[in-house]
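I hope they are handy to read with the coordinates open beside you.

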Amino acid sequence: MSNVSEMVDSADQAKDELVANLRRVISDAEDLLAATAGDADSKIAELRARARKNLAVARDKLADADAALRAQARRAMNATDDYVHDNPWSSIGAAAAIGMLVGVLLGRR
């Protein structure tokens with residue numbers, strides 16, 4: 001069952017990296033908006049207003065997606081934990097079979 005835990009950890013790490021990258025993009029866009037704040041051109045002001053609105057929407061959706069992914073990962077881990085507790089011998093057998101398969105594959109090298 002450590003394989004499931006490793007897969008969940010790997011997916012969680014990839015998600016965290018994606019969220020961090022998106023936050024950096026949002027932060028950079030906000031910095032760009034602040035840098036052009038002194039521009040009086042009406043088109044730039046209109047674009048700045050639209051960009052602020054879109055950034056707010058993106059920030060909200062990112063927070064919602066983050067919460068949903070965390071909840072989904074938590075449900076998957078709980079379901080796995082429940083299965084292992086309800087079927088310990090099946091879980092041990094599956095883990096042993098996977099361990100033997102990995103051992104055979106590594107032994108061939």
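1. Let me start with one residue. Leu-62 touches Val-19, Leu-22, Arg-23 and Ile-26, with residues up to four places away in sequence not counted. Contact here means heavy atoms within 4.5 Å.

2. A word on conventions before going further. This is a predicted model, in which local features need pLDDT of at least 70 and side-chain atom pairs count only at pLDDT 80 or more, while totals for chains, interfaces and linings use all residues. Residues are numbered from 1 along each chain as its sequence is written, and side-chain values use heavy atoms, with hydrogens and water left out.

3. Leu-62 also belongs to the largest nonpolar core, whose 5 residues are Val-19, Ile-26, Leu-33, Leu-55 and Leu-62. Such a core is a set of buried Ala, Val, Leu, Ile, Met, Phe, Trp, Tyr and Cys residues joined through side-chain atoms within 4.5 Å. Helices α1 (2-35) and α2 (42-86) each supply at least two residues of this core, and α1 gives the most, with 3 residues. The helices are DSSP runs (H or I, at least four residues), numbered from the N terminus.

4. Which residues of α2 are buried? They are Arg-48, Leu-55, Leu-62 and Asp-66. Buried means under 20% relative accessible area, exposed means over 50%, and partly exposed lies in between (1.4 Å probe, protein chains only).

5. As for distances, Ala-73 and Arg-52 are 21 residues apart in sequence and 31 Å apart from C-alpha to C-alpha. The C-alpha atoms of Gln-72 and Ala-34, 38 residues apart along the chain, are separated by 36 Å.

6. Back in α1, Leu-22 is a member of that helix and one of the contacts of Leu-62. Its relative accessible area is 37%, so Leu-22 is partly exposed.

7. Is Ser-91 buried or exposed? Ser-91, in helix α3, is buried, because its relative accessible area is 7%. Leaving aside neighbours within four places in sequence, Ser-91 is in contact with Tyr-83 and Val-84. Between Leu-22 and Ser-91, 69 residues apart along the chain, the C-alpha separation is 38 Å.

8. Ser-90 is also placed in α3 (residues 88-107), but this residue is partly exposed, with a relative accessible area of 43%.

9. Finally, the surface. Ile-98, Val-102 and Leu-106 form a nonpolar patch with about 260 Å² of accessible area together. Patches take residues with over 30% relative accessible area and no salt bridge, with nonpolar side chains (Val, Leu, Ile, Met, Phe, Trp, Tyr) joined within 5 Å and like charges within 9 Å. A salt bridge is a side-chain nitrogen of Lys or Arg within 4 Å of a carboxyl oxygen of Asp or Glu, and the areas come from the Shrake-Rupley method with a 1.4 Å probe. Ile-98 lies in α3 and is partly exposed at 42% relative accessible area.
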